[in-house]
Amino acid sequence: MSVSLDIRLKRANKVYHEGERLTGVLVISSKDALQHQGVSLSLDGLVNLQLSSKSVGVFEAFYNSVKPIQLVSSNMEVVKPGKFPAGRTEIPFEFPLQAKGNKVLYETYHGVFVNIQYTLRCDMRRSLLAKDLSKTCEFMVHCQPQKSKLQLNPVDFSITPETLQNVRERTSLPKFLIKGHLDATSCAITRPLTGELVVERSEVPIKSIELQLVRVETCGCAEGYARDATEIQNIQIAEGDVCHGLSIPIYMVFPRLFTCPTLETTNFKVEFEVNIVIVLHDDHLITENFPLKLVRV
């Protein structure tokens, strides 16, 4: 007997804010009449923290601070035990999206060591001989946009052998001068990161110029913190030995799910940085780092 269970939210983009109601329908399809022991819906919002392999075993206290943090949890019985007729049955539902106690609903974010996820799960219990059915559906939570206007402060940069850090032998470095600016480092998450870059001169031919978006995730407690930086995306903005004195546009869209407004709490932090990476023909890497502050406006 083929039976299917599905959750369909009313909003196509599945984006909700705290205090709103999740509305939709449960769709049950069955060729024959279907006996069941009740249908329930549960809503969960969790922050899952993970330790990187380099931090495991370093701090005992970490193990308590990396337990999942529950932001929202509620469930309700949608249908009492009974029977569904053959064919397709739609059951409407409505769920308030309210945080537990004094907690705040953080924005949905899929990272490496920090994961903030909201799910809706439907369970249909059935008799001993038939298998229980369940269906999970993820939805997204966006924080309320901030009221104040975003101040756009351009950041100028100039990269030369003298400005580089972590260099062993500065004398062996080729001579180069790369100038440019980012239009802002306080960015609206829905708008692209923009700016421009000019290679004024370079003794060694350039192989490639790239923009690298990095997430910096910090987990921990008062005893210590584990801070890990990992790449989200890498975009090539120039290929080969570019013309000197030519303005190269910088343009990067922040990916959904993998970025969220910059977040700082007692147990974890999620921050973002962008690296401008110049790859020389001898495979030397020149990197300039800019911390970013992402906000929703």
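A salt bridge here is a side-chain nitrogen of Lys or Arg within 4 Å of a carboxyl oxygen of Asp or Glu. By that rule the count comes to ten salt bridges. Before we walk through some of them, a word on the ground rules. This is a predicted model, where local features need pLDDT of at least 70 and side-chain atom pairs count only at pLDDT 80 or more, while totals for chains, interfaces and linings use all residues. Residues are numbered from 1 along each chain as its sequence is written, and side-chain values use heavy atoms, with hydrogens and water left out.

Start with Arg11, which forms a salt bridge with Glu20, the closest N and O atoms being 2.8 Å apart. Another pair is Glu90 and Arg88, whose side chains meet at 2.6 Å, N to O; Glu90 is partly exposed at 44%.

Then look at Asp283 and Lys207, which meet in a salt bridge at 2.8 Å, N to O. To place them we need the strand names: helices (H or I, at least four residues) and strands (E, at least two) are DSSP runs, numbered from the N terminus. Asp283 lies in the loop between E20 and strand E21 (285–295), and Lys207 lies in strand E16 (residues 206–221), so the pair ties together parts that are 76 residues apart in sequence. Lys207 is partly exposed, with a relative accessible area of 34%. There is also a network: Asp6, Arg8 and Lys135 are joined into one by salt bridges that share partners.

Now for the sheets. Two strands pair if DSSP finds at least two bridges between them. Strand E3 (residues 21–30) and E8 run antiparallel and are joined by ten bridges, and Gly24 stands opposite Phe93 in E8.

A second open sheet has four strands, in the order E12-E13-E15-E18, again with antiparallel pairing. E12 and strand E18 (247–252) stand at the edges with a single partner strand each, so one side of each is left without a neighbour in the sheet. Here, too, the twist averages 20 degrees from one strand to the next. Val155 stands opposite Leu182 in E13, and Ser158 has Lys179 as its bridge partner in E13. On to the next strand, seven bridges join E13 to strand E15 (residues 193–202), with Leu177 partnered by Arg201 in E15. Why call strand E13 (residues 176–182) largely enclosed by the rest of the structure? Because five of its seven residues are buried.

What about the inside? In soluble globular proteins, nonpolar side chains tend to be buried together. A nonpolar core is a set of buried Ala, Val, Leu, Ile, Met, Phe, Trp, Tyr and Cys residues joined through side-chain atoms within 4.5 Å. The largest one has 79 residues, and Leu120, Phe139 and Ile209 have the most contacts inside it. Strand E20 (residues 268–280) supplies the largest share of this core, seven residues. Take Leu120 (contact means heavy atoms within 4.5 Å): leaving aside neighbours within four places in sequence, its contacts include Ile7, Leu22, Leu41, Phe93, Cys137 and Phe139.

Finally, the cysteines. With a disulfide counted as a pair of cysteine sulfur atoms within 2.5 Å, the structure holds zero of them. Cys122 is buried, at 0% relative accessibility, and its sulfur is 11 Å from the closest cysteine sulfur, in Cys137, too far for a bond. Cys243, by contrast, is exposed, with a relative accessible area of 53%.

Technical notes: Buried < 20%, exposed > 50% of the residue type's maximum accessible area, 1.4 Å probe, protein only. Axes fitted to C-alpha atoms, helices over the stretch in contact; angles between N-to-C directions.
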